Amino acid sequence: MKFGVLMAEYRCTVCNYVYSEKEEKKRFSELPDDWRCPVCNAPKSLFVKLTPEKGVKPVSNTVADVFIAQMIEWGVKYVFGIPGTSALGLVDALRKNKDIRYIQVRHEQTAAFMASAYAKLTGHIAACLTVAGPGATNLATGLYDAKLDRAPVLAITGQVERNRIGTGASQEIDQHAFFEPFSVFNMTLISPDQTTNLVTSAIKHALLLGGVAHIDVPRDMQSLECKEKIKPFKDNIPNRSITTDEKHLKRAAEIINTSKKPVIIAGFGSLEAKEQVVRLAEKIDAPIVTTFRGKGVVDENHPLYMGSHGTIGSTAAAELVRDSDLLIVIGSSFSDLTQIPQKRMIQIDIDPMMIARRYPVESGIIGRSAIVIPKILKFVDKKERKDYRKKMSELKSRWLKLLEAEADPISTPIRPQYIISVLNRKLDDDAIITLDVGENGWWFGRNFQMKSTQRVLFSGYLGSMGFGLPAALVAQLEYPERQVACITGDGGFSMVMGDFLTAIKYDLPIKVFLFNNKNLAMIMQEQKVENYPIWQTELQDCDFAGFAENCGGIGIKADDPRELEKVVDEALKFDKPVLVDIDTDPRRFIATD
């Protein structure tokens, strides 16, 4: 191995530590699987590649080429979008550079959703690129999803020539004003010597603040000469190995040590500390409850896992939280849907504004969960709570029996609970599962028993329909060797169904399981609950399996519960995009004890 040449660098998505193969004199791929970040203890799986082995140089000295080279230097692997008049220079720069991949989609909303989903999945940044005017406005839904779920995204828009800005030119809108409400960084590139500064500042803002960074690039700027040097990522971004002082950690441990019925509530921010969360629960003998976005923090078969809390939560989680004398809340944003009650509380979060967001806390600890929890583990006492364990076991057993009773394998149309039960058994232990908003997501959150090696992606705070398919596309791009399953409904899928063609074009063997109830079923349920007439929630039926076949994929119709397991097995065997159109019932059937 020659160390005189440039070699790759890898970024820890938890703390921003950069592993340099040149400095360490060892390939990142040669590190053992159990290797940890030397700064924050994050696992090797949470690192992303920055620079390619041969280093980064612009293909030419135009603004567009330097712009794209700077993105590559800071680890941007993908750009999603649709080419158009005001972005042709940037699109051509992507064409000429083999170290970044451009993915053409059928709608800009898909491009933005893909960038947001990539950030949620990897902790790193991807870009979406489109033209001025309608292209820019079509990004809005996906970018608001990124903003609200604090996913780092770089949005790049073309713009009319500088001398035509403000003249009412074709496709010209005030893009700076348009992007301002949902951006953490929002600038227009008006001089070649701004190029590397704006790109690095944009990515830096997106990564550190969590959200959308936008750069507007006028058409005439893209072909101008640029002599700016590429800025390295390493040493140009601060390390985020944030934790609190030992005094506060000991205080939190004292509170835990004196509690009789503690409950750990693990949110999305605890995903970086999966093993540590389980170690803490096992040491203090406490149940783990997750938020919906926290599903997958712990294997749901673990005896201390009691289910999710909130509107899709388990009866076991609800009762244990209600009867607890201490909540240890890790990385939760306290969504109203999670319904965390006011209790004696310890809260751990990277964002100081989240501490005591809803209620006062007895101990608020600012820091990365991957760093904080191992430190607290040193100070907490080992507990053995036999009666508490017995109660947990009884409550969980009762909850699982309820779910089993709901999964009727005979009724037609096929019960959604049975669909989830079959998928639960058939999907790979390391599958990436993407969800749409609607009844399909509700049943998944309530009934699917996740493995800690699986991942789930969905639109969180925005709660946007249409997220599932774009998220599946980008998950399969990034992890071609893993099984990717999209669980969606006829309402959400039809909003973005044109991009099933994107799966065909790029040979992405995603598996789409479509709950076809011919209704906006969640809205129908809300109309019932609020005593409104059922109106305008029925959907015109579509031959979705036939649509998939016409696109060039595999379409399978499922309407017999006795054949569902066979159909799912068949779908999962294909090495190409598959859509399984499943007839299901919009009515809710929930078992009670």
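Visitor: Which strand holds Ile554?
Guide: Strands here are DSSP runs of E with at least two residues, and helices are runs of H or I with at least four, both numbered from the N terminus. The run that includes Ile554 covers residues 554–558, and its name is β20.

Visitor: What kind of model is this, and how are residues numbered?
Guide: This is a predicted model, in which local features need pLDDT of at least 70, side-chain atom pairs count only at pLDDT 80 or more, and totals for chains, interfaces and linings use all residues. Side-chain values use heavy atoms, with hydrogens and water left out, and residues are numbered along each chain as its sequence is written, from 1.

Visitor: Is Ile554 buried or exposed?
Guide: A residue is buried under 20% relative accessible area, exposed over 50% and partly exposed in between, using a 1.4 Å probe and protein chains only. Ile554 has a relative accessible area of 15%, so Ile554 is buried.

Visitor: Which residues is Ile554 in contact with, leaving aside neighbours within four places in sequence?
Guide: Contact means heavy atoms within 4.5 Å. With those neighbours set aside, the partners of Ile554 are Ala548, Glu549, Phe574, Lys576, Pro577, Val578 and Leu579.

Visitor: Which residues have the most contacts inside the largest nonpolar core?
Guide: A nonpolar core is a set of buried Ala, Val, Leu, Ile, Met, Phe, Trp, Tyr and Cys residues joined through side-chain atoms within 4.5 Å. The largest one has 66 residues. Apart from it lies another core of 54 residues, including Phe80 and Leu121. In the largest core, the residues with the most contacts are Cys12, Phe47 and Ile376.

Visitor: How many disulfides are there?
Guide: A disulfide is a covalent bond between the sulfur atoms of two cysteines. The rule here asks for a pair of cysteine sulfur atoms within 2.5 Å. For Cys12, which is in no disulfide, the nearest cysteine sulfur is that of Cys40, 3.6 Å away. By this rule the count is zero.

Visitor: Are α10 and α12 roughly parallel or roughly antiparallel?
Guide: Axes are lines fitted to C-alpha atoms, for helices over the stretch in contact, and angles run from 0 to 180 degrees between N-to-C directions. Angles under 35 degrees count as roughly parallel, over 145 as roughly antiparallel, 65 to 115 as roughly perpendicular and the rest as oblique. The axes of α10 (residues 274–284) and α12 (residues 369–377) come within 9 Å and cross at roughly 25°. The two helices are therefore roughly parallel.

Visitor: Which residues of α12 make the contact with α10?
Guide: On the α10 side, the contact is made by Gln276, Val277, Arg279, Leu280 and Lys283. On the α12 side, it is made by Ala370, Ile373, Pro374 and Leu377.

Visitor: What is the phi of Asn41?
Guide: Asn41 sits in the loop between α1 (21–24) and β3 (47–49), and at 30% relative accessibility it counts as partly exposed. Asn41 is not a glycine, although its phi is positive, at about 70°.

Visitor: Which residue is joined to Pro413 by a cis peptide bond?
Guide: Pro413 lies in the loop between α13 (386–406) and α14 (416–426). The cis bond has an omega of about -10°, and the residue it joins to Pro413 is Thr412.
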